[in-house]
Amino acid sequence: MADTKKLFIKTYGCQMNVYDSERMAEALGTQGYEETQTPDDADMILLNTCHIREKAAEKIYSELGRYKGLKAAKPDLKIGVAGCVAQAEGAEIVKRQPMVDLVVGPQSYHRLAEMEAKIRSGARALDTEFPPEDKFEHLASRPKAKRAPAAFLTVQEGCDKFCAFCVVPYTRGAEVSRPVQRIVDEAKDLVERGVRDITLLGQNVNAYHGSGPDGRDWTLAQLIWELDKVDGLERLRFTTSHPNDMGDDLIEAHGNCKKLMPYLHLPVQSGSNKILKRMNRSHTAESYLKLIERIRAARPDILMSGDFIVGFPEETEEDFQATLDLVEEVRYGYAYSFKYSTRPGTPAAERALVDPAVASERLQRLQALITRDQRAIQDDMIGRDLSVLVERPGRDPGQMVGKSEYLHAVHIENCDAAVGSLVPVTITGSGTNSLSAQRRPI
Ligand code: 5AD
Ligand code: SF4
């Protein structure tokens, strides 16, 4: 194409942003854009942003500052801000950075092509509405490009839980689930393009209640069983879940659905009931532990993953100790922990902060405990026979790299298997962030 333009997308934050960036690149592909890996030769730079913590949002402004020189040298360069900072700050972004041409919130990506045409004519485009339509339905895509073996698929968006610290209900809006058939069609399309492992995404994915082919609302478990029937799709995962939406049928699916991988990200945020109440989590440490017991009864080897916030307003040393106790009890294979960050507009924003030095020190202690368990669980994999989905060649000759059922990165030595194949292996070693393995004869 004579007038191919170059698009540089930089993605921040969660996996849903990764998925959205792919969709936006496809939509702009229909406008003659091809992706580039560097901002230097781009005709359009799009930042897909995250607003979950203050640091994440501030990064955007420093990143925009870095593009000033580029824009001065190339006045035709268009700069766009998408994602949750766009949603939360809207026109404020243009005020702080007048060189921004386009601001688009996560619910308006289907209008991106139209907005691109508008900015090409020299105008500014700003859209942060919550239209009552499925943006994915209207997002055009390119003809079937080959895909990597593991992919994300958004099935649900938004959140109605209103945890006291969280911006998601404001930036992503109310819970909306996509219809079953559209998800199944997208999964089949992904499989045709080489995908074997799909992670179903949603801010509150286990609250999924999309309309099924029978006209009723289906649960996430029903959706999973439907996807289980897709030939060529080998693995399913879902994230992120809320403890209160872990239905019996979903727990049962963890026990019986072979394609559903033994990995579950189930954030608890704190181990203190007082703090959980102040966070508006509507579950207790005990109900969470009981739930994990039931999940482990269904799938004993399931690897648990979680999120924690330390230094939430009013958190005492005793409250923090309850978090450490809960972590000791659960033994997480992965866990993400954050220092509380005040988000304007959320209920907790008005409350008195814990001393930042105390919060930092707690974060370090929690992370040390999590790392200990993570490492021990990884080391326990040595000697086990696992299955690895091969994703790419490794650094050493003959080495291939992929993921185990438990989402650990695995380096397979002397492996001639193709990308996208499932390889039976025996785990032989455990490093800082990955396992090593030998291929087993089939
Ligand atoms: N401060 C710190 N961490 C936060 N998270 C969400 N909001 C905040 C905040 N204001 C964390 C939670 C959530 C994860 C995605 O980010 O642990 O599960
Ligand atoms: Fe935010 Fe998750 Fe709570 Fe929803 S359930 S408000 S996304 S932390």
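This is a predicted model: local features need pLDDT of at least 70, side-chain atom pairs count only at pLDDT 80 or more; totals for chains, interfaces and linings use all residues.
1. Ligand 1. Ligand 1 has its own surroundings. They include Ile52, Arg53, Phe165, Gln269, Asp307 and Ile309. Phe338, Lys339, Tyr340, Ser341 and Arg343 are there too.

2. Polar contacts of ligand 1. An N or O atom in the side chain of Gln269 is 2.6 Å from an oxygen atom of ligand 1. Asp307 places a polar side-chain atom 2.6 Å from an oxygen atom of the ligand. Ser341 uses its backbone instead: a polar backbone atom there is 2.8 Å from a nitrogen atom of ligand 1.

3. The open sheet. Which strands make up the open sheet, and in what order? There are 3 strands, in the order β12-β13-β14, and the pairing is parallel. The edges are β12 (263-265) and β14 (334-339), and each of these pairs on one side only. On average, neighbouring strands here are turned by 10 degrees against each other, direction ignored.

4. Inside that sheet. β12 pairs with β13 (residues 303-310) in the parallel sense, over 3 bridges. Tyr263 stands opposite Leu303 in β13. Strands of a sheet pair through backbone hydrogen bonds, and the pairing is either parallel or antiparallel.

5. The barrel. Now find the closed barrel. Its 5 strands run β15-β16-β17-β19-β18, with mixed pairing. From one strand to the next, the twist averages 55 degrees. β15 and β16 pair in the antiparallel sense over 4 bridges. Leu389 stands opposite Lys403 in β16.

6. Gly394. Where does Gly394 sit? Gly394 is in the loop between β15 (385-393) and β16 (400-403). Leaving out residues up to four places away in sequence, Gly394 touches Gln399, Met400 and Val401. Phe8 is 386 residues away from Gly394 along the chain, and their C-alpha atoms are separated by 26 Å.

7. Helices α14 and α15. Helix α14 (residues 317-330) packs with helix α15 (residues 356-379) at an angle of about 10 degrees, and their axes are 10 Å apart. Therefore α14 is roughly parallel to α15, because angles under 35 degrees count as roughly parallel. From α14, the contact uses Glu317, Phe320, Gln321, Thr323, Leu324, Val327 and Glu328. From α15 come Arg362, Arg365, Leu366, Leu369, Ile370, Arg372 and Asp373. By class, there are 6 nonpolar, 2 polar and 6 charged residues in this contact.

8. Helices α13 and α14. Helix α13 (residues 285-298) also packs with α14, at an angle of about 10 degrees and with axes 11 Å apart. So α13 is roughly parallel to α14. What residues make this contact? Ala285, Tyr288, Leu289, Ile292 and Arg296 belong to α13, while Leu326, Glu329 and Val330 belong to α14. The contact of α13 with α14 divides into 6 nonpolar, no polar and 2 charged residues.

How values were computed. Residues are numbered from 1 along each chain as its sequence is written. Chains are lettered from A and ligands numbered from 1 in the order in which they are written. Side-chain values use heavy atoms; hydrogens and water are left out. Axes are lines fitted to C-alpha atoms, for helices over the stretch in contact, and angles run from 0 to 180 degrees between N-to-C directions. Helices (H or I, at least four residues) and strands (E, at least two) are DSSP runs, numbered from the N terminus. Angles under 35 degrees count as roughly parallel, over 145 as roughly antiparallel, 65 to 115 as roughly perpendicular and the rest as oblique. Contact means heavy atoms within 4.5 Å. Ala, Val, Leu, Ile, Met, Phe, Trp, Tyr, Cys and Pro count as nonpolar, Asp, Glu, Lys and Arg as charged, and the others, Gly among them, as polar. Two strands pair if DSSP finds at least two bridges between them. A residue is near a molecule or strand if one of its heavy atoms lies within 4 Å of it. A polar contact is a pair of N or O atoms within 3.5 Å; within protein, one must be able to donate a hydrogen and the other to accept it, and residues adjacent in sequence count only if both atoms are side-chain atoms.
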